[in-house]
Amino acid sequence: MDESKVTMKGRLGPGMMIAVDLPGGQVYENTEVKKRVALSNPYGKWVSENLRSLKAANFFSATVMDNEAILRCQQAFGYSSEDVQMVIENMASQGKEPTFCMGDDIPLAILSQKPHMLYDYFKQRFAQVTNPAIDPLREGLVMSLEINVGKRGNILEDGPENASQLILSSPVLNEGELELLLKDPYLKPQVLPIFFDIRKGVEGSLEKTLIKLCEAADEAVRNGSQLLVLSDRSDDLEPTRPAIPILLAVGAVHQHLIQNGLRMSTSIVADTAQCFSTHHFACLIGYGASAICPYLALETCRQWRLSKRTVSLMMNGKMPTVTIEQAQKNFCKAVKSGLLKILSKMGISLLSRYKFRDSSSQIFEIYGLGMEVVDLAFCGSVSNIGGVTFDELARETLSFWVKAFSEATAKRLENYGFIQFRPGGEYHGNNPEMSKLLHKAVRQKSENAFSIYQQHLANRPVNVLRDLLELKSDRTPIPVGKVEPAISIVQRFCTGGMSLGAISRETHEAIAIAMNRLGGKSNSGEGGEDPIRWAPLTDVVDGYSPTLPHLKGLQNGDTATSAIKQVASGRFGVTPTFLVNAAQLEIKIAQGAKPGEGGQLPGKKVSAYIARLRNSKPGVPLISPPPHHDIYSIEDLAQLIYDLHQVNPKAKVSVKLVAEAGIGTVASGVAKGNADVIQGMMVELGASPISSIKHAGGPWELGLTETHQTLIANGLRERVILRVDGGFKSGVDVMMAAAMGADEYGFGSVAMIATGCVMARICHTNNCPVGVASQREELRARFPGVPGDLVNFFLYVAEEVRGMLAQLGYQKLDDIIGHTDLLRQRDISLVKTQHLDLSYIMSSVGLPNLSSTDIRNQDIHSNGPVLDDVVLADPEILDAIENEKLNITFTGSAGQSFACFLTPGMNIRLIGEANDYVGKGMAGGELVVTPVENTGFVPEEATIVGNTCLYGATGGQVFVRGKAGERFAVRNSLAEAVVEGTGDHCCEYMTGGCVVVLGKVGRNVAAGMTGGLAYILDEDDSLMPKVNKEIVKVQRVTAPVGQMQLKSLVEAHVEKTGSGKGAAILKEWDAYLPLFWQLVPPSEEDTPEACATYEATSAGQVTSFQSIGEKALESLAKKSLRLNKGYRQPGVSATQTSIFEHPASPLLQKLYSDLWQKM
C-alpha cells in the first residue's frame, strides 16, 4: 500500500472499538461510536433518578456479646485458635492478609481426620494462558468491588426501571449497613433463618431443610421480595438446631431460583458467623451472594481490641495502636484487598462479573463433595472424585456445633494445626520427624536409616490422593539386578524452581551441583544466575574451592549451573547470555505456591549480589506481577516459545502449569505452541498469603491424569515430555506419577530438607535459622548442607524405584509409564466418607506411540525456516558479526518480537512499523523504528509499534518516531528509549534505564516502578492524574545532569529518526524544558540526574556540568557503561576490567567527553 495515501494509523486499545459505515464512506473512532450510543437514550437521567447508594454506617464501638457467648459461637461455627490469632487478629491489626510459606502439606479436607468448614472443599481456579491475570496492586484502577442489589431487568430492553437498584461500594457489610438494607422499602427484604432440626435424627435432616429453605425463598421472591437475607444469627443457639453451612444455603437458594426463572428478580445477602477469610467471601459471592455481613468476625475483632493482652501490647509499643473502629476497618480492608486478588487471578476486573460467571463453574472446583450435594447447590462446578453425602456433611457440621454445648470442651478454641505443625494436630507431610529421619539417612549415607524414613512415610495417615492407591501387577517378580540402573533413573529427576534471593546462594548452588553430578536437572527459578557458575570447577582441594568459597563437599568437575533456567515470561536477570547457557528454558505461566498471583522479594532479601544478578538496586523490594501477566493468549505464549527456541536452538523449552480442571485443554495448546516439555501440576514452595496457600491449585494426580489423557486423545502426547512435581518424597511417589503418565519427576521441599532445611517455615522473614532461605551473612554461614547429601537422597529414591519395579516384574520405568491398569484403589476406611471415587485417575484412553525414553530423547523442536537463516547466509553479515559491528535496515511491517534479545554491537533500523514485543529482552545495541517518508499521516500521532515493547530489556537504546501501545518499557532494567506517545501502563515495573516520552501517555504510568527514570512531555497539564504515585515522585527537570540526559536523548532521537516533534522541541528548548516531568522512584532520588543539589559547589548551587564533582561524574560513567557491559576483553574477569575500558555508544561519548578527558 502507498503510505502517502494512509491518512490515519492507530491501534485498538483495551475496551476500544471502531465502526465502518461502508455506504456512507465513514470511519467512526472509539469516542464517536460510544457517544452515538450514549446519546440514544437519557441514560444519565435514568441513573440519577433511580440508582441509589447505600450510605456507610459506623462500626460498633463495643462488643455485643460477652466473652463466653463469643467463644460458644466461635466453637459452634468451626473457628480454631489459628483462625482467630493468625488470620482475623492479623487482619484487624495490619489491614492485610497474613503471609506464610512452604506450601500446604496437610491432607485435603475430604481425607482429613479433623473437621473442616465446607469452604475447605473448594479450590479457587485461575487463568492460565486463556486470559491474562491482573495485578490488583498496581492495576487496581481497572478493578471494582461495587455491586448492585435488587431486581435486574432485561439487559436487551432499555428503560429507567433497569436502573432501579441499590449500589454497594463493596460486598462487605457491617451490622449497621445490614440494618439499613433491612429497612429499605423498595427492596422488601425477607430474612430466612438457616437452622436445621436434628431432634428426629441427623439422617435426611439437612437435605429436607435445604429444600424447605429453597421453597421459602421461592415464595418470598414471588411475593415481591428483591432481597433475601440468609441468616444464621440467633440470640440463643440451640444444641439440636445447628446452622446449615452458609455456603450450602446460599448455593442451594441461588441454584433453585435459577432453575425456576426467578434469580434476576432478587439478590441474596448472607448474614453469617461462618465467614472470616477472603476465600470464604469469594466462595459466597461466587455461588450467589451479593453481600456478606460477617458479624462474628467483626465481633472477634472488637473482642481482640478490647482484650487486656492487646491493650498491654499497644501501651508498651509492641503493636501499632488502633482503635476498635479501626480494627474492624482494617479487617474489612484486608478482605477487600483479598477479594481483588482472587478476582485478578481469573483476569476478572469487576466483582459483578465474578458473581454470575457461568454459575461459578469456571471459578471454583470441588474436591470431596458427592454429586447429590453438587447438583443441588453447586451445579456446574467440577467435582471429579465424588465425596460426602448430605448426611455425612451434616455430621461434620454437627461435630463443630456440639463443641459449643459440651461440658468437656475446653474453655478455649481448639488448635487443629491446619497452618502450623503441632503435636496432636493435623498431619503435615513436612513434619519434624520426617526431616530428622531424612537428615540422618543422607548425612550418614545409611540404607537402614533411609528404610526407617520409608517406613515413616508408609505409616503416615492418608495425606494425598495417591495414598488411596496401590500398584498391583500380575507379573512374576524379577531380580533387582535386571532392572535399569539407578544412574539412569535419576536422570529423570529435577528440583523445583527456587529463586536465588528467596533461598540463599549456598542452597541454590549446592542443589545445582548435586543435580549435575547425577545428570538430573536443577531449576534456577527467576532471578538470573551468576556466570561464575557456568564453568566446571578445577581448583577444588579438600572439598573447598576458591571459586565458590562458601561451599563445602566439592569435587573437581562440579558445575553449579542450573540446567533449567527460568524466564517466567521474561523477567529479572534474563539476558541473552543467560539464555544461551541453559540446557532447558522454562516459561513460568503460574506459580505453584500461589497460582495466578505475582510475587515480591522483600528489600531485606535484595543484597548487593542479588541486585547485581537481577539488574536492580540493593535494598529495594522487587515486585513481580503474575508470571503470565503480559501473555494475552495462546498465540502470545507460542511467540515466547518461538523466541526462546530462536535465541537458544540447543535448549528445550518447557512451560510450567499448575493443576486445575481444564488443564488438559491448556496443555494441548502449549503442545501445539511447540513446547518441548510441560512442567508442573503443583508446587509447594514460596511465601504467599495463607488463603492462597490453602485454597488455590489442585492435586497433581488429577492434573497429570487430565493432561496425559487429553494429549493422547488429541494425538499430541508424543510431542512433549510430561514432568510433574508437588510433595514428592519417595520412590512410591515416582512410581505413582509414572503409572499416571509422567516422564520426569520434580522434588521441591524435600530437596531443600535433604540439604539442611529444618522446616522452620519462616522463609519470608529472612531469618532462616540454618541459612537455607536467608540472605543474612551470619545465618548463611550456618548452612549445613553439602551436594553429596542430595546426591545420596536421589540415589536412595532411585533404588527404591528399582525395588518396586522388580517386585512388579518390570525392567524399566518405560514399561509402566501411562499404565493406569497397574493402579488399584486401596481398601482404606476414611473418617468422613466411603464415597470417594478415584476411577477418573485409574481410567485410560490409550498409550503414546513412543516410549517415554524415545519422547525424552527426541530432537529439540525447531522453528523451521526463518528469516534469520536468510540473513545469516550473507557473507557480509557473518563478517560484521565476527567484528561485533552489525548495521541492518529493514523495510515494511514487522511481526511480534522484532529485535528480540538484541545484543551489543547490533544496530537495527526498521522503516515501517512493528507489532508487539519490539526489543523484548534486548541487552544492548540500537533499535530505530521510523515510518516511511512522505506519509499521509502525522508520524507523532500514529502508532507504529505495538504493546509491551522493551519487555524486560537489560541494555541498549530504542528510538521510535511515533506512538507505542500499552505497557511500553514494562520491566525494563537498563535500556534507554525515546518514543512519541504511549498507551496505558508505561514504565510498569521498571527497575532501571531511562524512558523519554515526547507526547501523551495513557493511564497508570510508572506503576510498580522501583528504578530508572522517565521524562514525559506534558503540554496540556494532563499527566498528573495518569501517574501511579504509589512509588514514584513527580518533579520538574531541575538537575543539570538530568537536563543534559534528556536533551542528549532527544538530540539522538532527532538524529536517528528525523523526528519533526523532536526537532521542534530542540528548537524551542527553553520553552519546552519546563513542560517535562521527571518520574523518580526512591532509589534514584539521590542520583545526579534527579537531585538538583547533588555534589553542590561552595555557593550551594550547581551551575554547570563541569562543576558537579568527581562523584557525580563517576556515577554517570558507571550508568552509561552498564549499557555496554556486553563488551569485555578476552581473558579478563568482570571484576578486573576497569569500567573505563568499555567503549561507550556515540551518544554517551558525546555526552561525557569531558569525563573521558579527565580519566
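Residues are numbered from 1 along each chain as its sequence is written. Because the model is predicted, local features need pLDDT of at least 70 and side-chain atom pairs count only at pLDDT 80 or more, whereas totals for chains, interfaces and linings use all residues; side-chain values use heavy atoms, with hydrogens and water left out.

The record places "Glutamine amidotransferase type-2" at residues 1-46, a span that is 28% helix and 13% strand, with its end C-alpha atoms 48 Å apart. Helices (H or I, at least four residues) and strands (E, at least two) are DSSP runs, numbered from the N terminus.

The structure holds 44 salt bridges, a salt bridge being a side-chain nitrogen of Lys or Arg within 4 Å of a carboxyl oxygen of Asp or Glu. One of them joins Glu913 to Lys9, with the closest N and O atoms 3.1 Å apart. Glu913 lies in strand 29 (residues 906-914) and Lys9 in the segment before strand 1 (19-21), so this pair ties together parts that are 904 residues apart in sequence. Glu913 is partly exposed, at a relative accessible area of 24%, while Lys9 counts as buried at 14%; here buried means under 20% relative accessible area, exposed over 50%, and partly exposed in between (1.4 Å probe, protein chains only).

A further salt bridge connects Glu926 with Lys1056, the closest N and O atoms again being 3.1 Å apart. Since Glu926 belongs to strand 30 (residues 923-930) and Lys1056 to helix 33 (residues 1040-1057), the pair ties together parts that are 130 residues apart in sequence. Glu926 is buried, with 15% relative accessibility, and Lys1056 is partly exposed, with 22%. In the pair formed by Glu526 and Lys588, the closest N and O atoms are 3.5 Å apart, and both residues are buried. Salt bridges also link Arg505, Glu509, Asp530 and Arg612 in a network.

Two packed helices are described by the angle between their axes and the distance between the axes. For helix 25 (residues 731-739) and helix 28 (residues 787-808), the axes come within 8 Å and cross at roughly 55°, where axes are lines fitted to C-alpha atoms, for helices over the stretch in contact, and angles run from 0 to 180 degrees between N-to-C directions. The two helices are therefore oblique to each other, given that angles under 35 degrees count as roughly parallel, over 145 as roughly antiparallel, 65 to 115 as roughly perpendicular and the rest as oblique.

Leu181, placed in helix 5 (residues 175-182), is buried at 0% relative accessibility. Not counting residues up to four places away in sequence, Leu181 touches several residues, among them Leu54, Val149, Pro189, Leu227 and Val269. Leu181 and Lys55 are 126 residues apart in sequence, and their C-alpha atoms are 9.8 Å apart in space.

Methods. UniProt positions renumbered as here; feature names shortened; annotations may be inferred. Contact = heavy atoms within 4.5 Å.
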